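Trainee: I would like to learn how to read a structure like this one. Please take me through it feature by feature.

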Amino acid sequence: QVLGVERVGVDDDFFALGGHSLLAMRLVSRIRAVLGVELPVRAVFETPTAGELARRLGKPSGAAVRATVVAGARPEMVPLSFAQRRLWFLDRLQGPNSTYNISLSPRLSGRLDVAALRAALGDVVARHESLRTCFSQVDGEPYQRITPADEVVVDLPLTTVTAEELPTRMERLVHHAFDLAAELPIRAELFATVSQSPAQGENADGDEWILCLVMHHIAVDGWSMGPLWRDLSVAYAARCAGCAPEWEPLPVQYADYTLWQRELLGDAGDPDSAMAGQVAYWKAELQGAPEELVLPVDRHRPRVPSHRGGTVPLDVSAELHERLAGLAREQGVTMFMVWHAAMAVLLSRLGAGQDIPIGSPVAGRTDDALEDLVGFFVNTLVVRTDVSGDPSFAEVLGRVRRAALGAFEHQEVPFERLVEELAPFRSMARHPLFQVMLEVQNVPEATVDLPGVEAEAGPGDLPVAKFDLQVDVVERFDGQGRPAGLVGEIVYASDLFDEVTVRALGARLVRLLEVVVADPDRPVRGIDLLDAAERWRIVAEWNDTDRAVPVATVPELFGARARRTPGAVAVVWDGQQVSYGELEVASNRLARYLIGLGVGPESLVAVVMDRSVELVVALLAVLKAGGAYVPVDPEYPAARIAGTLADAAPVAVLTAAAMRDRLGEDGASGWECAPEPIVVDEPSVREAVSGQDAGPLAPDELAGPLTPDHPAYAIYTSGSTGTPKGVVITHRDVVDFAADQGWKTPEPQRVLMRSPHTFDASVYELWVTLLGGEQVVLAPTGRFDAELLRSLIAEHSLTHVHLTAGLFRVIAEEDPTAFDGVTEVSTGGDVVPAGAVRRVLRAVPGTTVRNTYGPTEATLIATQIPLTDVEQIADTLPIGRPLDNTRLYVLDERLAPVPVGVAGELYVAGAGLARGYVNRPGLTADRFVACPFEVAGARMYRTGDVVRWNRAGVLEFVGRADDQVKIRGFRVEPGEIEAVLAGHEDVAQAVVVAHGEGAADKRLAAYVAPAPGVADESLAGALQGHVADRLPEHMVPSTVMVLERLPLTTNGKVDRAALPEPDFAAVAGTGRGPSDLREELLCGVFAQVLGVERVGVDDDFFA
């Protein structure tokens, strides 16, 4: 009876005969009605044959038989069902809207009796009370106001339209906003083609019609379409025959179900009630579940969703469908469970984590009396899937089976009540408890059957996005009941996704199903979501950066340049011009002096000097001697200097008299950790150096052969443990970096060197320029600002300037025209504010701003992107494409490439990769790992930065893996919030920091520096609103502190340790005050309910 087959043997398997989750629940209901016993749904899965079930029923279970739904006395005000109550609340909260409309639009052809159809529609509305119910309220409490059947007037207007007019007219109807308190929850209209002659009237033969029915979800659900079409078909046939339909009266109406539901579940306050028991189950089941899944979206979530949606089709072949059905039988699961497991695995692999809650609808008709009733019975279950521990797909299926059966056995608790009981952080921006819905339909689609009229599916519903993603699939079967394929669609929120993104997601879902059905024992983390074309594009095409580079050392290339153009100016400093020939001679002499002190390949030489010609000579001399220089900033604390020198153990230390005088002679500077410094400008040293041969060094003069793989420099950077680590860069790295085609221009270059040599930006300013035969202009020491930049550009006709993101932002805010005259400004080292780039491009048209990214371990820069069109600057700047001979891999935790749009950790391979860390073999092995995409022995560097590819093959920065924090259970990248803040026109610079120890106390504080001329008073509140309009509530900083300037480190990055401690208590209720009596009263009510002293007009109730 339940399976719809003629005969079932005692040993026939329920699921092998076509049973599924929905039919299992109907079977339990039918057994209750026929045998008067209570059976859990799990029993059908555990004992799926009639014989096994009979033996199980023969044993006493102790379970009380549930009361059935019956028609009975009703109170004067019939309450709403729990499901209706949620939709009523949303309607009151958002105002009348079409979000929860359900529309049907069959295309009809043949001889249609319009009057009979109109009467039949009235018969159906009279038969089902839910279709003639309005929703009133008394003292804020809603109740069902059922219009008597003899008072209902159902109109079916006939409208003649052209084919062009039809979509617009239908859209207007399906988007009708029902007034639930005043009008019936159903509207209908019959559209006829324009070819009809008016003389034909309301009976026409051979024409086409579109019957458009629109109903509010508060009155109907998907299952309701079956009884609705059946009843309409019976009524139409009767009306065409000139009589009223004769059908069996319905045993109960929706109002009877509402009363039964409340009686069945009881009071949640009663610990012995069914409601309390089921709520307790769900509280335990969903404890700690993520409140929002991280999905590969194209845009930030808006504060209030538009519910605009789009759809992409899903199509599974009959062959794959049959194999999936076989997998389900083998694993003792249903098709729904197979798809649910596949969705959980897919979302996890796309960055959603390992705890995946997905919503799924259940019919909610757990009593036989409800099967033929039109009404809103459907309930939503949350099936939470754990994919941690690298399980096989078969293991995930087992986990889904256990979770789904538990959910089915506790399905009576309305989803709306769960939301209230579990009390997650409420937000209008997203659906509570889950954001992805899955529905697998196994029943034939309901259709209308009108005598003399052919009916077929008409124009589809206009997509409405109730969730971020909604996957709907329908099983098809052939005449023999064999799998004939699955068809469906993915409905997506247009606020978040582009169609191409969801198409790719659907393709990956089908690909994953193909993989797991072939090998269900394969670990899910090992499933490749990329097809061959995608993998080739990400791994090879976007990394096709090969370019021939000289195999040489820095001294070899510089020497060749000096011999070609000895008279060309190489360095400009304080009115002094030094040619390539002069620089060659001076460095040759100092190099020979250093060789005499024991400097050679693999030895380190500390260089403690300010910017000057002597510094350039010293660095070049160290390289010519075969050594590698270790830059040391004399302004660093003594302990930092001592740690660097102790770790590097240099064979020599080069400095200048001014540095030695500044450091003092008391030994407190850390010099005791290194050899006696060589003061290059002391008379005795000058004399000794000047006596050396000025000619090119012969290879046999060096302590050993110098190759491109020997170290060129070791820069010490801050370590996560607080101990600096020395990054060793080779000659090959520097030469590869300097040879990149991105630095080449047809015109001569004059490049500013303003970075200290301790900062790796100096590698670009110095070595790219000198090895390219261009001119280096050394900036004076001391404060650098827009005024100085302007004067340097004017005095030296500078063409190229490199600034840190922080300094670039400051000058862009203070005086963007200061860049006037330069060809290119490159910037990086931190998040570059989009607003600063826009200001510069507007102020200095024709200038290129080059956004760069790269760790010290990749020789300063690994990616770059030139920006020239101010209209193309997005709020968040991309970091670009790889440099020549550099390869970039965005990988998951198993070092597998992630798809486009999915965040993963960035690994850098190829040219520029550092040798490793000084004296840190363990750290080197941890950060520089084998590259699985290249030849044996190739390495790649694990940056710790989280990025994603966009569809154009350009990288977008997401944040630091170690900066990621959890706020109210959500994973948050502070960098994402910083980018939104920096996109505000009144913000010059922004940084976001998480404060608080425990998870419950963790809060976000934003620190901003305002743009010039912007008043501080109202900026904080405006910025909170700005972020709230673009990001979810949990990403809105609890406080915004406006500072005159953000503190910077010596390298121009934000010094987070120097930021002031936020005072969260001081900002409570300090927002905008009420402007009228209504606002004042509401602020007072908020404060009273929340138990706080004061609430501002813009303060968030839930925050």
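This is a predicted model: local features need pLDDT of at least 70, side-chain atom pairs count only at pLDDT 80 or more; totals for chains, interfaces and linings use all residues.

Trainee: What share of the 1103 residues is buried?

Mentor: Buried residues make up 56% of the chain. The accessible surface comes to about 45700 Å². Carbon and sulfur atoms hold 50% of that surface.

Trainee: How do I read contacts by their separation in sequence?

Mentor: Start with contacts between residues at least 6 apart in sequence. Here, 72% of them join residues at least 24 apart.

Trainee: Next, aromatic rings. How many aromatic pairs are there?

Mentor: Rings pair if their centres lie within 6.5 Å. By this rule the count comes to 18 aromatic pairs. In one of them, Tyr 257 and Trp 260 are 6.0 Å apart, centre to centre. Their planes are 40 degrees apart, and the pair is tilted.

Trainee: Why does 40 degrees count as tilted?

Mentor: Planes under 30 degrees apart count as stacked and those over 60 as edge-to-face, so the rest are tilted. At 40 degrees, the pair of Tyr 257 and Trp 260 is tilted.

Trainee: Where do Tyr 257 and Trp 260 sit in the chain?

Mentor: Both are in helix H8, residues 254–265. They are 3 residues apart, so about one helical turn separates them. Tyr 257 is buried, at 6% relative accessibility. Trp 260 is buried as well, at 7%.

Trainee: Where do charges sit over rings?

Mentor: Look for a charged side-chain end over a ring face. The charged end of Arg 262 sits over the ring of Phe 82, 4.8 Å from its centre. Arg 754 lies over the face of Phe 784, at 5.4 Å from the ring centre.

Trainee: Now strands. Which way do S3 and S4 run, parallel or antiparallel?

Mentor: Check the bridges and the direction. Strands S3 (residues 133–138) and S4 (residues 141–146) run antiparallel, joined by 6 bridges. Phe 135 has Gln 144 in S4 as its bridge partner. The two strands form a hairpin with 2 residues between them. In the turn, Asp 139 has a positive phi of about 55 degrees.

Trainee: And how do S5 and S6 run, parallel or antiparallel?

Mentor: S5 (residues 158–161) runs parallel to S6, with 4 bridges. Val 161 has Thr 193 in S6 as its bridge partner. In S6 (residues 186–193), 6 of the 8 residues are buried, so the strand is largely enclosed by the rest of the structure.

Trainee: How do I read a single residue?

Mentor: His 802 is in strand S25, residues 800–804. It is buried, at 4% relative accessibility. A polar contact of 2.7 Å joins its side chain to that of Ser 826. Beyond neighbours within four places in sequence, His 802 also contacts residues including Arg 754, Tyr 764, Glu 765 and Thr 852.

Trainee: Where is Val 436, and is it buried or exposed?

Mentor: Val 436 is in strand S11, residues 436–441. At 0% relative accessibility, Val 436 is buried. Gln 470 is 34 residues away in sequence, yet 5.7 Å in space, C-alpha to C-alpha. Among the residues Val 436 touches are Leu 293, Met 343, Ile 358 and Leu 469.

Trainee: Is Met 1035, in a loop, buried or exposed?

Mentor: Met 1035 is buried, with a relative accessible area of 5%. Its loop lies between helix H29 (1019–1028) and strand S40 (1039–1042). Pro 974 is 61 residues away in sequence and 8.3 Å in space, C-alpha to C-alpha. Contacts of Met 1035 include Val 972, Ile 977, Leu 1004 and Val 1027.

Methods:
Residues are numbered from 1 along each chain as its sequence is written. Side-chain values use heavy atoms; hydrogens and water are left out. Buried means under 20% relative accessible area, exposed over 50%, partly exposed in between (1.4 Å probe, protein chains only). A charge sits over a ring if NZ of Lys or CZ of Arg is within 6 Å of the ring centre and within 35 degrees of the ring normal. Contact means heavy atoms within 4.5 Å. Accessible areas come from the Shrake-Rupley method with a 1.4 Å probe; for residues, only the protein chains shown count as cover. A polar contact is a pair of N or O atoms within 3.5 Å; within protein, one must be able to donate a hydrogen and the other to accept it, and residues adjacent in sequence count only if both atoms are side-chain atoms. Two strands pair if DSSP finds at least two bridges between them.
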